[in-house]
Amino acid sequence: MTLQQTTMPRPRAGRRDRQRFWQEVAMIAPAVLLLATFLITPFLLSFWTAMTNQPLVPRPTPVRFVGLLNFQRVFSDPLFWTSLWNVTRFTIWVLPVQCGLAFLTALLLHQKLPMRNLLRGMFFLPAITSMVVVCVIWGTLFQYPSGPLNQIVGFLSGGTIQPIDWLGDPDWAMFSIVLLSAWQAYGFQMIIYLAGLQGIPEELYDAARIDGASALRRFWHVTMPGLRPTHVFVLVITTIQAFKLYTQVAILTQGGPRESTETVVHYMVRAGFEEQKLGYASAVSVILFVIVLLIALLQRKLLRRFDV
């Protein structure tokens, strides 16, 4: 009897473990299915297409397997390296502008201001506005030589600064794209920062006040450590979005002037849809995916090393 009593609970524990295992499988199955359908399978199909000479429109000639030839052609094309440098430059510029603006706005709107919810909605409005509409508005602001921005610059400088060709000058075109993009997208990061700020326990601020910490010390020793995961998430998401730069370039500059705003995605779309080289465009997409993945992993590793 003693042996039976001691061995009875084991099957029940085993059944509970199995039930828990299948419950966990059922919960993660939808996410795994969506990832496999919309991420892994398209990537594998793109990689296979990149190994062929597949055209956009079917032709009488059969599709051939060309191995790594498309990748070799991409890497030997100077325009690809120019587009990669341009999008890297855009990312380096837009990260501090967009994330910094979102962070400062979130700090301001986290305070107990009158009509705070209305202000949050107004600041978030550009993020839900179509990028095409934003480009049309900013295209009007950028008009040369008598657009609103040039009039503001002329007024503030007392006429000493000549009108700037924002989109027609190679030295200013990418900077203009950065301004437009940061203004349109910073609302998304602002919402994430607001969620992060609301997740910091108020008891930590109360304890810091009791200890006599100033507002600056509370910000540095309570707010910033509490936002470490948010900083990582925002930086990774913004970097990925920056490398996908396309709509602004396609509408405002078409990669010009003198290829100063050509980006990898715009280069890929032109190869796939204008030149109808679907295999070549797929090779570009695979390279871009690997580059973004490596940058995201490196970024995450560096942020962990610096305890951010």
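Pro145 occupies the loop between α6 (131-141) and α7 (148-156), where helices are DSSP runs of H or I of at least four residues, numbered from the N terminus. The peptide bond from Tyr144 to Pro145 is cis, with omega near 5°. The structure is a predicted model, in which local features need pLDDT of at least 70, side-chain atom pairs count only at pLDDT 80 or more, and totals for chains, interfaces and linings use all residues. Residues are numbered from 1 along each chain as its sequence is written, and side-chain values use heavy atoms, with hydrogens and water left out.

A cis peptide bond also joins Gly256 and Pro257, with omega about -5°. Pro257 is located in the loop between α12 (247-253) and α13 (264-274), and Gln254 is likewise found in the loop between α12 and α13. Gln254, a residue other than glycine, has a positive phi near 55°. Its relative accessibility of 46% places Gln254 in the partly exposed class (buried means under 20% relative accessible area, exposed over 50%, partly exposed in between; 1.4 Å probe, protein chains only). A positive phi, near 60°, is also found for Gln276, in the loop between α13 and α14 (278-305). Gln276 counts as partly exposed, at 29% relative accessibility.

A disulfide is defined as a pair of cysteine sulfur atoms within 2.5 Å, and the count by this rule is 0. The sulfur of Cys99 lies 20 Å from the closest cysteine sulfur, that of Cys135, and is therefore too far away for a bond. Cys99 is buried at 6% relative accessibility, and Cys135 is buried at 1%.

Technical notes:
Helices (H or I, at least four residues) and strands (E, at least two) are DSSP runs, numbered from the N terminus.
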